[in-house]
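Please keep the structure open while reading them.

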Amino acid sequence: MARHGGRGWYGRVLGAAVGVTALAAATSVWTAQAGPVGGHSAAKPSSQGRAAAPVSVEIAHASDRGAQGVNITIDDGPDPVWTPQVLQVLKDNGVKATFCMVGTQAQAHPDLVKAVVAAGHRLCDHTVSHDTTMDKKSDAYQSQQIMDAERMITKASGGVRPLYYRAPGGAFTPYSRKLAASHGMRPLGWNVDSKDFERPGTAALVSTVKSEISNGPTVLFHDAGGDRSQTVAALRELLPWLKQQGYSFGFPVR
């Protein structure tokens with residue numbers, strides 16, 4: 001998986017996260033209760049003391065809707081400007097998505113996390129600070145990033161826990177995959193990178209997804225990190241087109 005470069009916004013997020021990760025020098029084990037495996041309902045809150053059943057450590061790419069399924073995944077938010085617009089486009093088209101949230105963003109915007117859950121979408125742990133060099137860091141650092149983010153997202157959601165873990169830039173390690181899976185968060189990859197972070201224009205985003213959707217069902221978009229107006233416009237065009245091609249929308253397999 002390609003890494004994303006040039007993300008100055010994440011430097012600021014990383015700075016904001018230093019205080020969080022510093023407190024986690026002795027990382028506690030945080031249970032991550034998984035939600036329902038099938039269907040399109042959001043995970044439900046459960047007892048904090050009840051551990052989730054482990055899931056596969058393999059990186060998920062497939063859709064629970066099968067060969068004609070498409071998984072829309074939205075990374076790096078929530079963002080107060082763009083997440084509501086993405087949510088509206090999804091609602092207008094009757095589509096559920098998976099939101100891979102950065103811990104500090106979830107902590108800053110709990111109302112948006114709750115709105116995502118209330119709309120029936122699923123949550124994904126995208127670490128505390130979106131460090132794309134996580135695979136070069138210690139196990140202790142990886143644990144802090146993953147488990148602190150799980151805690152922050154769960155608290156912001158009102159008790160709904162992430163069902164997936166997506167490493168920033170695809171920087172998975174055997175350790176991070178095993179850790180996430182042991183807490184009920186299936187490692188989540190992607191098949192189609194819309195490249196919306198580069199802001200190449202709405203037409204280019206639409207063309208990329210249309211030409212690469214045959215690569216697999218899981219499509220990567222972003223709702224934070226800058227101006228996401230092209231993403232919103234591309235989704236508005238792509239979601240109806242995918243339906244016309246016979247695709248249905250699901251969630252990544254668990």
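1. The model is predicted. Helices α7 and α8 are oblique to each other, because the angle between them is about 40 degrees, and an angle counts as oblique when it is neither roughly parallel, roughly antiparallel nor roughly perpendicular. Their axes lie 9 Å apart, and α7, which spans residues 202-212, passes α8 in a right-handed crossing.

2. Which residues of α7 meet α8? They are Thr202, Leu205, Val206, Val209 and Lys210. On the α8 side, the partners are Gln230, Thr231, Ala233, Ala234, Glu237, Leu238 and Trp241. Sorted by class, this contact has seven nonpolar, three polar and two charged residues.

3. Within α7, the buried residues include Leu205, Val206, Thr208 and Val209. These cover an arc of only 160 degrees around the axis, so they sit on the same side of α7. Ala203 and Ser211, on the other side of α7, are exposed. The cover over the buried residues of α7 includes α8 as well as β6 (192-193) and β7 (218-222).

4. Helix α8 (residues 229-244) also packs with helix α2 (residues 82-92), at an angle of about 5 degrees and with the axes 10 Å apart.

Conventions:
Residues are numbered from 1 along each chain as its sequence is written. This is a predicted model: local features need pLDDT of at least 70, side-chain atom pairs count only at pLDDT 80 or more; totals for chains, interfaces and linings use all residues. Side-chain values use heavy atoms; hydrogens and water are left out. Axes are lines fitted to C-alpha atoms, for helices over the stretch in contact, and angles run from 0 to 180 degrees between N-to-C directions. Helices (H or I, at least four residues) and strands (E, at least two) are DSSP runs, numbered from the N terminus. Angles under 35 degrees count as roughly parallel, over 145 as roughly antiparallel, 65 to 115 as roughly perpendicular and the rest as oblique. A crossing is left-handed if the near helix is turned anticlockwise from the far one by less than a right angle, and right-handed if clockwise. Contact means heavy atoms within 4.5 Å. Ala, Val, Leu, Ile, Met, Phe, Trp, Tyr, Cys and Pro count as nonpolar, Asp, Glu, Lys and Arg as charged, and the others, Gly among them, as polar. Buried means under 20% relative accessible area, exposed over 50%, partly exposed in between (1.4 Å probe, protein chains only). The arc is that of the directions from the helix axis to the C-beta atoms.
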